[in-house]
Amino acid sequence: IPVLEGYLAQAQRNGVTDLRWVDAAELAALEPELRAECALLSPSTGIIDSHELMLSLQGDLEAAGGAVALRSPVETIHAESGGFHVVCADDDRTQLHCRWLVNSAGLQAVRVAGAIDGLPPACLPRSHYAKGHYYALGGRAPFRRLIYPVASGGGLGVHVTLDLAGAARFGPDVRWVDRVDYAFDDSQRDDFVAAIRRYYPGLDSRRLQPGYTGIRPKIVGPGEPAADFMIQGPEQHGVAGLVNLFGIESPGLTASLAIADEVARRLAQPG
């Protein structure tokens, strides 16, 4: 309960004003399969079609004269007068010049930043990878809402998400890894089941099926206090026209438009 009180206070500081307390009796009416002493209800929480969102953003970009270039890994970036000279390691050794550069490379953001000639090395955070597994629940979903337990180290805990078809999945766990590997490891299934049954005691574990994995870029490692996104602009590193986005993990998808606004603000600052 003190953790939830902290969530409520932080939400209010962030401008989220519709969270409210729900006691056990109301919880039983809202979500009969859920076991909890109390909870915070977030009426404005929802889900999005992530692929449609990205296609929509791509359409906006191309309508404005931009282009998406795939299979073009960055090799070197030289900060120079009036912008940046970017060299790609594709077959054509593509080179381009840009006035502004936004490094939003996800898992590779720290590596890309390290390729920028002129960026002080002290500005680079350490890069960590947190791998998460998701299990799909066969059959009808037991909940009508997204269910989150209090967060655990490195992640949001094994929670319930619903897709646009109403199917439920559970995840993620947190396993610290030193490389990008999306193979599904079913060896810790029992730990998953135990975590789920803390709030969903009626779980039939036979309905759980391995789903998929994801890897989140983290700027803090195991045992370290959680950190928010790092949006690093010219006022931090001194390179005009450059914004680095470090540690932009899964919440960065739904926060993408707000992050874009902040990036634009940073680029407007004198550097």
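The following questions and answers concern a predicted model.

Colleague: Which residue forms a salt bridge with E31?

Modeller: E31 lies in the loop between α2 (24-30) and β2 (38-41), and its partner lies in the loop between β8 and β9, 114 residues apart. The closest N and O atoms are 3.1 Å apart, and the partner is R145.

Colleague: Is E249 buried or exposed?

Modeller: E249 meets R216 in a salt bridge at 3.6 Å, N to O, and E249 also forms a salt bridge with K218, with the closest N and O atoms 2.9 Å apart. E249 lies in the loop between β14 and α7 and K218 in strand β12, so this pair ties together parts that are 31 residues apart in sequence. Because buried means under 20% relative accessible area, E249 at 16% counts as buried.

Colleague: Which residue in the turn between β4 and β5 has a positive phi?

Modeller: Strands β4 (residues 83-88) and β5 (residues 95-98) run antiparallel and are joined by four bridges. Within this pairing, F84 stands opposite C98. Six residues separate the strands of the hairpin, and the residue with a positive phi, of about 50°, is R93.

Colleague: What does helix α3 span from its first C-alpha to its last?

Modeller: At the start of α3, a side-chain oxygen of D49 reaches to within 3.2 Å of the backbone nitrogen of H51. After the helix comes G65, with a positive phi near 95°. The helix has 14 residues (50-63), and close to the 20 Å expected at 1.5 Å a residue, its span is 20 Å.

How values were computed. Residues numbered from 1 in each chain as written. Predicted model: local features only at pLDDT ≥ 70, side-chain atom pairs only at ≥ 80, totals over all residues. Heavy atoms only, no water. Helix = DSSP H or I, 4+ residues; strand = E, 2+ residues; numbered from the N terminus. Expected span 1.5 Å × (residues − 1). Polar contact = N/O pair within 3.5 Å; in protein donor to acceptor, adjacent residues only side chain to side chain. Pairing = 2+ DSSP bridges. Salt bridge = Lys/Arg side-chain N within 4 Å of Asp/Glu carboxyl O. Buried < 20%, exposed > 50% of the residue type's maximum accessible area, 1.4 Å probe, protein only.
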